[in-house]
Structures are given as C-alpha cells and as structure tokens.
Amino acid sequence: MKKHLIIAALCVFTLSGVCAQEKKADQSKADLFSAKSGTLIEKEFLDVGKVKGVEVQVMVLKDLINAAKTSAVRFSAVTGSGYSAGTKLGSVDADELDGLIKSIKLIQSSLLTSTPANYTEVSFTSRGGFEAGCYYSQDKKKWSAYLKLSRFDSNSMVFMSPEELVQVLTLLEQAKAKLV
C-alpha cells in the first residue's frame, strides 16, 4: 500500500513540474525579463500608433542594476462589453517581429486574394500568445483577418479589414525601427 502511495505522489510531483515548465514556455522573453526577482526593472513605452482601437507601442525594458536591455512590441485594446470589458494586452518579442511582418505580408499578397475550396484558418502565434491571422468562410465566400491579443481570452480578438491590416503592417515597420 505504501508503494502505491509513493508512486502516486511521485506522479503528481512529476506532472506538476511538467505543467510548470509548459506555463513558463508560454511567456515571452520580455515577460521573463520583466519578472526577474532581485533587480530593478524600468519599463518605457514608446507610442507607435493606433489602428481600429488597437494601440501599438514599443516596450523597452531595462535592468537598472545590471544595465541589461530588451524590447518587444506591445498591443493593447479595450475590448468586450459589460463584465467582460477590459484592456487586453499582447506582445511580440523583438526576435519574433520579422516573422510577424512576413506573415502579414503573405496574408495580404497570397491569402486574401485566394478562394479556398474549404473553411481555412491561417495564424501566426508569438511566444506570449499574441496571434495574427485570417480565416476563410465558405458561407460568406471571403477572408476575415484578425488580431488576437491574448491566447486564452476570446474577447481579445479584433477583426481587421484588408486596409486596416496594411495600417498594422506600417505600424509594425515603424516599431521595428524603435526596438533596442
């Protein structure tokens, strides 16, 4: 009986360790840098612009003790209504920004002009859970583009027209120039 209890306890501890590692993998490099304990972190927010209620900023993080720096592009928007309304945040690390820009360019040039035979989804997801993508609706016979600021919050989704997606791309190019 003791052996079974010990084995069960080991399984619980092992599984809790795996879950903790998975949660850590969901955090962006900027989030991990910001969460360092035992140091003094300064966060500076450089405004880039706004499109369809989504504010784009460059977030520069400085460790004032060790003089280390990192940066990320931050997205924020007030979404939802009633009790679910609130400011939603998402971020893309500096090393992920080129992938996001290429993804949006590909969506604009190839996907939005195509007509798939079936329902289709395409998305770019950052380490921190920010998502940009589009889907093709068979019923409407058109593509719909979106930004989803938070991975686990369905109220953080903002739909974009093709013209608004061009504006997002312009803001991302401007943000890229401000990264450290």
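Which residue in the turn of the E6 and E7 hairpin has a positive phi? It is lysine 141, with a phi of about 55 degrees, and the hairpin has 4 residues between its two strands.

Hello everyone, and a quick word on what we are looking at. This is a predicted model, where local features need pLDDT of at least 70 and side-chain atom pairs count only at pLDDT 80 or more, while totals for chains, interfaces and linings use all residues. Residues are numbered from 1 along each chain as its sequence is written, and side-chain values use heavy atoms, with hydrogens and water left out.

When I say strand or helix, I mean DSSP runs numbered from the N terminus, with at least two residues (E) for strands and at least four (H or I) for helices. Strand E6 covers residues 131–137 and pairs with E7 in the antiparallel sense over 7 bridges; pairing requires that DSSP finds at least two bridges between two strands. Within this pair, cysteine 134 has alanine 145 of E7 as its bridge partner.

On to E7, residues 142–148: 6 of its 7 residues are buried, which is to say under 20% relative accessible area, with exposed being over 50% and partly exposed in between (1.4 Å probe, protein chains only). E7 also pairs with strand E8 (residues 157–160), antiparallel again, over 4 bridges. There, lysine 148 stands opposite methionine 157.

Now the whole sheet. It is open, with 4 antiparallel strands in the order E5-E6-E7-E8. E5 (120–125) and E8 are the edge strands, each pairing on one side only.

What lies across E7 and E8? That is H4, which runs at about 110 degrees to E8; axes are lines fitted to C-alpha atoms, for helices over the stretch in contact, and angles run from 0 to 180 degrees between N-to-C directions.

Finally, the inside. The largest nonpolar core has 34 residues, and Phe75 and Leu172 are among those with the most contacts inside it. Such a core is a set of buried Ala, Val, Leu, Ile, Met, Phe, Trp, Tyr and Cys residues joined through side-chain atoms within 4.5 Å. The elements giving two or more residues to this core include E6, E7, E8 and helix H4 (162–178). A second, separate core has 5 residues, including Phe33 and Met59.

Key: Contact = heavy atoms within 4.5 Å.
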